[in-house]
Amino acid sequence: GIKVELGILEEEFKELNKRFFTFHQQQRPYIILKWAQTADGFMGTGKKERLFISNEYSNRLVHKWRSEEAAILVGTNTALADDPELTTRLWPGKSPVRLVVDMNLRLPATLKLFDGRNKTIVFNTVKQEEKNNLLFYKLEKNKKFIPQLMDALYKLNIQSVLVEGGATLLQSFIDEGTWDEARIIVNGELSVGNGLAAPVLTGAVKVEEMTLLSDSISIFKQPGR
C-alpha cells in the first residue's frame, strides 16, 4: 500500500554516476578530452619552446579536474616536450594515476613521470613489466590502438581518464568516437598565426561555458551521453 514514484532526479543521478555507468555498461573508462588553444586555433608554435596558453586560474581549475578522475593520459611527444608532473599540486586531493603512451620505449627515465611519487603506467609494444610504482603494459603492434587501450584500462579497473594531449593523441580519440566529454580552454587574447593546430572536435554538443579572465572554457558532450 505504499505509493512509489520512479525516475525522480533521474538525469541528475545519471550525471553523478556517469563514470560508473560507462565503465560497467561499455567496459571502458569515462573519457574526458582536455586541451588549451589560442584564439586562432593552435596548441603550440611548432618550435621547441613551450607555449603557455591558459592563465593561472584556468590552470588551477585543470588541477581540480585532475583530482576528480582516476587517471590522466599524455602521449610520447607531450611527455618529451613538456616533462609534465601530471599531479594535483595546485589543488587539494589525490593525484590521478599517470598514463603515458610510449610505444617504442624512447622516453628517458629522467622525466618527472618516472619519479616514483605516483603510479605510472607506460603503454608500449616492447615489454610487460612492473617494478616499484611503474608498470609497463604491453600492447599488440598489429591491432588498433584505441580499442586496445580501452580494453587494458578496463582490465586495470580505471574508471575515468582525463586525456591531456598532445594533438595527435586527442584527435585519435575524436576520430574513433571514443570520448564522453571535451573541455576546451581558449585564450581569446592570444594568437600565434601558425604552429601546431588544435584538434578538430566533431559530433559535439556544448553543455556549459564559463569565462576566467582571458580564458573561455567550453564543455562539450557526445550526443546522447
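The entries start with the ground rules, then take the sheet and the pocket.

Entry 1. I noted that this is a predicted model, in which local features need pLDDT of at least 70 and side-chain atom pairs count only at pLDDT 80 or more, while totals for chains, interfaces and linings use all residues. Residues are numbered from 1 along each chain as its sequence is written, and side-chain values use heavy atoms, with hydrogens and water left out.

Entry 2. I looked up the sheet. It is open, with 10 strands in the order β6-β7-β5-β4-β3-β8-β1-β9-β12-β11, and its pairing is mixed. Strands are DSSP runs of E with at least two residues, helices are runs of H or I with at least four, and both are numbered from the N terminus. Two strands pair if DSSP finds at least two bridges between them. β6 (129–131) and β11 (205–212) each have a single partner strand, so one side of each has no neighbour in the sheet.

Entry 3. β3 (residues 71–74) and β4 (residues 97–101) run parallel and are joined by four bridges. Isoleucine 72 has arginine 98 in β4 as its bridge partner.

Entry 4. Of its 44 lining residues, the closest to the centre are Met43, Arg50, Thr78, Asp82 and Glu164. Which element gives the most to the lining? α4 does, with five residues.

Methods
On a 1 Å grid over the protein atoms alone, a cavity is a set of points where a 1.4 Å probe fits but cannot get out, and a pocket is an open set with protein on both sides within 12 Å along at least five of seven lines; lining residues have an atom within 4 Å of a point.
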